[in-house]
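Have a look at the model first.

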Amino acid sequence: MCNTLALLGLITLLMFGDLASAEEVYVTANGERVNALDVFQDCDVCPEMIVLPLGEFQMGSTVREANAAQLSGYLTINTYLITKLDPSDYELKLRQSFSNLGIDPDRPEEGLRRYYASGKVVQQDDPQYSVNPFLHEVPRHQVTIDLPIAMGRNEVTREEWAACVEDGGCEMGQKDLPRYKYSSCESAVDCTPNPDTRVRFRLPKGPHATHPRSPMTGMTYYEMLDYTSWLNKKVGADVYRVPTEAEWEYAARAGTTTRYAQGDTLTLEQANFLNYRFEDVDGESVWKLDFGSARELLPVDNLDAANDWGLRHMSGNAGEFTSSCGEGPHRGFKSSSQYLAADADRPDCKRSIKGGAYAGHAELARPARRVAISSDFWAPAVGFRVVRDLTPEQ
């Protein structure tokens, strides 16, 4: 009888073990029990967090998607000239770039994968630098999210950042300056460009720039680490951090495989971006700007901007820093834990920024898009959201 019960128990485990793990229960800092897609706050000034389900996804984009992004209304902008790429000229340059590397121009995906894995990438020969910057998103690869996490429902807001400043955790040693003196460190006298002495630049034009629920922007990556350290002190555990780009893209896609979480197109009702495009007028390409674009940061509660998991403004509004070093193409890691471990000993690399921005074209707001920016970079269009490590309930 005992052997029969043991056998039945083993069969049940084999049949339903995955279901049990999919419904994992976690406990927050204040003792609340949560599971996938629940919203919680660890403290009254902590960001709202959404528990992400464990799973896997296709990270990055294909060469085809990267080429479409480059040609779909993408502009080459000089000081005095705005032009549209010539598709035939672009195709010729791209094919030649592939051929120069010994890659079949008609089937470049696997050839690029081998080239990037070789460790012998030469920047001036790499088509992502010489022809199409969207190839920075290649190769597409499957990633398993093996670390349970919750992601910030919103970009970190001005009121959330202010709580850290008032508590002495952020902007240590900073001084308030009149708005007319807000400038970059490079134009200030006797200014050393580090997080404590950098002259502040917080207020882009627009009525929403100082709204308490607007995204906090204008911080360096190092200052973002000050914020997560402060959160960890508030909850008494080392659980908050800046997300890796794998975690960020997994959250942004929310289980979808389309170009955006909302589908293959994006509207101004769904995201805050700058909608500019070329239209054919009497046989000529004419540049058009949709003046329905906000052209400024919006409070995080604005628009119908949540994806299927409830995460808002993953596309558009503020660009968002991740903790991943973003130089070169994707490294093709198979798990989120590998992405987290890869850059633990690289404090000063160029970080991958995701999500586009209010002043950027829709192609920049695709979850696959990534731009490598120095850790000490700061801008009025760039902020971040936080991620929280979770431990299953015992």
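## What Asp343 holds on to

The side chain of aspartate 343 reaches the backbone nitrogen of cysteine 325 at 2.9 Å. It also makes a polar contact (a pair of N or O atoms within 3.5 Å; within protein, one must be able to donate a hydrogen and the other to accept it, and residues adjacent in sequence count only if both atoms are side-chain atoms) with the side chain of arginine 331, at 2.9 Å.

This is a predicted model, where local features need pLDDT of at least 70 and side-chain atom pairs count only at 80 or more, while totals for chains, interfaces and linings use all residues. Residues are numbered from 1 along each chain as its sequence is written, and side-chain values use heavy atoms, leaving out hydrogens and water.

## Where it sits

Aspartate 343 is in the loop between helix H9 (336-342) and strand E14 (350-354); helices (H or I, at least four residues) and strands (E, at least two) are DSSP runs, numbered from the N terminus. Buried or exposed? Aspartate 343 counts as buried because its relative accessibility is 7%, and the cut-off for buried is under 20% relative accessible area (1.4 Å probe, protein chains only).

Setting aside neighbours within four places in sequence, aspartate 343 is in contact (heavy atoms within 4.5 Å) with Ser323, Ser324, Cys325 and Arg331.

## The sheet

Strand E13 covers residues 319-325. Four strands form an open, mixed sheet in the order E15-E14-E13-E16, with E15 (371-374) and E16 (382-383) as the edge strands. Strands pair if DSSP finds at least two bridges between them; E13 and E16 do so in the parallel sense, over two bridges.

Note on methods. Buried means under 20% relative accessible area, exposed over 50%, partly exposed in between (1.4 Å probe, protein chains only).
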